[in-house]
Structure formats: C-alpha cells, structure tokens
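Student: I have a model open and want to go through it with you. Can we take it a piece at a time?

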Amino acid sequence: MARVSVIIPTNRLNPWLYDAVMSVLQQLSQDDELVLVLDGIDFDDVPEWTKDPRVRITRTITSRGVGVALRHGVSTSTGEFVARLDSDDLALPGRFEAQVDYLRRNPDTVALATETIKFTDHGGRVGQFPFKPGEDVRHSLLLQNVIVQSSVMFRRENYEQVGGYPEFRQMEDYVLWLRLGTTGKVAILNGEYTSYRLHDSQLSKKTDPVDEYVDAALEARNALAAHLEVSGLKQKFYNALWRTAHYLHSRHGERWGRIKTLMESAVRSNKPQ
C-alpha cells in the first residue's frame, strides 16, 4: 500500500504529458506511486521514466471520458491519499508533502486543494485562480466549483464512501467534491503548489449546459446545502444563479458579465452572500 497515489489520465501523447510526469516524480518519495491512465491510447516509443518503480501504467481499451478514466485509475491505485494532476499541468515543488502534512494534522478534512497559478503553453504566468485559501470552503462550493482538480488530494476512505468519481465526461470533479463535502471539510491550502496550463483544446471550455452531469451537480449541491443547514430557498437562488452562469459561459465564453462578477465576489468570502 502506497502513501500517496498521484493519478494522471491522458488521451494524448505530447511533451506536456512528460513535463507533468517529471514534475511529480521529482518530489515523490519511495512510498508513493504515480498511476498513469492511458485512456484509449498507447505509447509509440516507451519513455525511459516508465521504468521508475514508482510509476504504474494502466490502460482503458477505448476512451469513454475522464470520469471513467479516473475511476479506473483510482481503482488500480493503493495510496492512503489520492492526488490528481492533469496531463497538461504541473505539480510545483513541495506540493505533496505539504498536502499530506495538512491532512495528517486535520483529520476532519477530506479533500485539500492548493492555490493554483495560470500559465500559457509557452510558459508565461498570466495570473492565479481567484479562489482564496480556507480551512473549509464547502459554502463556496454551493455557489460554484472552487477546487482546481489538478491541485487536489483526498482521502481514499472518504472517496470510496461516496462512490468515487461519477462516470461523466464533464463535472465529474465538481460532483465528487460536493459529495465529499457531506463527509467532512474541503479546504484550499495557502501556497501556490500547482500550475494550470491555458490552451485552446481544454475540455472545460466545451461543456454542454444540458446533460446528466448538470442534474447530478444540482442534486449534489442540494444534498450538501442540507448537510450544512443552508435554507432550501436560499440554495434555489444559488442554483438558479449557477445554472444561468453556466449556460452563458457555454454560449459566450468569458463574457458572462454581471453574473460571473457576483458569483466570484461571493466565492472570495468563502461563504454564500
């Protein structure tokens, strides 16, 4: 059994993947493992780093979406803690030790993200996600997804308790955080420990506002609101705001105007306004 399992799923092979892998291996201990999920693909030339005893390769025959790939990756891993990194992002030095240390010291926290830098595919920094650090950001999750999936680490026992990643092509992460929130605190660690690459082919830019994952997210939002004793009427308002913002984002990209501003303002306080 490993201490930490870092899961990286990918359905493409490019230099970004190798950079992501190396950013993990440079800081993993011998008690940790990196699980690379080749989602419907395989290597043409097997990289040298696959010989590292900390690296485990697993494959899906066909690509059925990120939710399925992640479920498969986690199911083949053994770590007490499960960490995530997307194949186009980077784990910055000290990240995994900082997260394990925090989770050891805070047994009531079930998932821990980090502050995350945004950078271009040419390497230039262009800012940071606006989600502020906090010991419990579950109220913010009732408004929108404030957890950058590439930065997260969670406890395996709680993951299994809520049924793991749903088999969705979108929002599999948000639904999981909401469900985990009914079992304990969800936090954001103070410190820039993850870099998120901005590029034109990102899946998150192509979401469909009407699909099963939207209904699942709304159900999970309501369940977490009830767990946190937020009034049903108030949560209906938050849900309407979220669904409208999501629809406008899917149709107009970053031009969502006043709704986006209202949501981000509320999220920065780490509680609904």
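Student: Fine. What kind of model is it, predicted or otherwise?

Tutor: This is a predicted model.

Student: How many helices and strands does the protein have?

Tutor: The protein has nine helices and nine strands.

Student: And what share of the residues counts as buried?

Tutor: Of its 273 residues, 56% count as buried. As for contacts between residues at least 6 apart in sequence, 74% of them join residues at least 24 apart.

Student: Cavities next. How many of 30 Å³ or more are there?

Tutor: The structure holds one cavity of 30 Å³ or more. The volume of the largest cavity is about 60 Å³.

Student: Which residues line the largest cavity?

Tutor: The lining is made up of Ala-113, Thr-114, Glu-115, Thr-116, Gln-128, Phe-129, Phe-131, Val-146, Ile-147, Val-148, Ser-151 and Ile-188. Strand 6, residues 109–120, gives the largest share of that lining, with four residues.

Student: What does the lining look like by class?

Tutor: Seven of the lining residues are nonpolar, four are polar and one is charged.

Student: Switching to charges. How many salt bridges does the count come to?

Tutor: The count comes to 15 salt bridges. One of them joins the side chains of Glu-48 and Lys-51, with 3.5 Å from N to O.

Student: Are Glu-48 and Lys-51 buried or exposed?

Tutor: Glu-48 is exposed, and Lys-51 is too.

Student: What about Glu-80, which side chain does it meet in a salt bridge?

Tutor: The side chain of Glu-80 meets that of Arg-104, at 2.9 Å from N to O. Glu-80 sits in the loop between helix 2 (66–75) and strand 4 (81–84), while Arg-104 belongs to helix 3 (residues 95–105), so the bridge ties together parts 24 residues apart in sequence. Glu-80 is partly exposed at 31% relative accessible area, and Arg-104 is partly exposed at 45%.

Student: Where do Arg-243 and Asp-215 lie?

Tutor: Those two side chains meet in a salt bridge of 3.9 Å, N to O. Arg-243 is in helix 8 (residues 232–252) and Asp-215 is in helix 7 (residues 212–227), so this pair ties together parts 28 residues apart in sequence. Arg-243 counts as partly exposed at 36% relative accessibility, and Asp-215 counts as partly exposed at 46%.

Student: Which residues do salt bridges with shared partners join into one network?

Tutor: Arg-3, Asp-32 and Glu-97 are joined that way.

Student: Now Arg-156. Is it buried or exposed?

Tutor: Arg-156 is buried, yet it has no salt bridge. The nearest side chain of opposite charge is that of Glu-160, 4.0 Å away. Arg-156 is found in helix 5, residues 156–161.

Student: Leaving aside neighbours within four places in sequence, what is Arg-156 in contact with?

Tutor: With those left out, its contacts are Ser-5, Val-74, Ser-77, Thr-78, Gly-79, Glu-80 and Val-82. Glu-80 also came up above, in the salt bridge with Arg-104.

Student: Last one, Leu-176. Where does it lie?

Tutor: Leu-176 lies in helix 6, residues 172–180. Leu-176 counts as buried, at 0% relative accessibility.

Student: What does Leu-176 touch?

Tutor: Not counting residues up to four places away in sequence, Leu-176 touches Phe-154, Tyr-159, Val-162, Gly-164 and Tyr-165.

Key:
Residues are numbered from 1 along each chain as its sequence is written. This is a predicted model: local features need pLDDT of at least 70, side-chain atom pairs count only at pLDDT 80 or more; totals for chains, interfaces and linings use all residues. Side-chain values use heavy atoms; hydrogens and water are left out. On a 1 Å grid over the protein atoms alone, a cavity is a set of points where a 1.4 Å probe fits but cannot get out, and a pocket is an open set with protein on both sides within 12 Å along at least five of seven lines; lining residues have an atom within 4 Å of a point. Grid points are joined across faces, edges and corners, and a volume is the space filled by probe spheres set on the points. Helices (H or I, at least four residues) and strands (E, at least two) are DSSP runs, numbered from the N terminus. Ala, Val, Leu, Ile, Met, Phe, Trp, Tyr, Cys and Pro count as nonpolar, Asp, Glu, Lys and Arg as charged, and the others, Gly among them, as polar. Buried means under 20% relative accessible area, exposed over 50%, partly exposed in between (1.4 Å probe, protein chains only). Lys and Arg count as positive and Asp and Glu as negative; His and the chain ends are not counted. Contact means heavy atoms within 4.5 Å.
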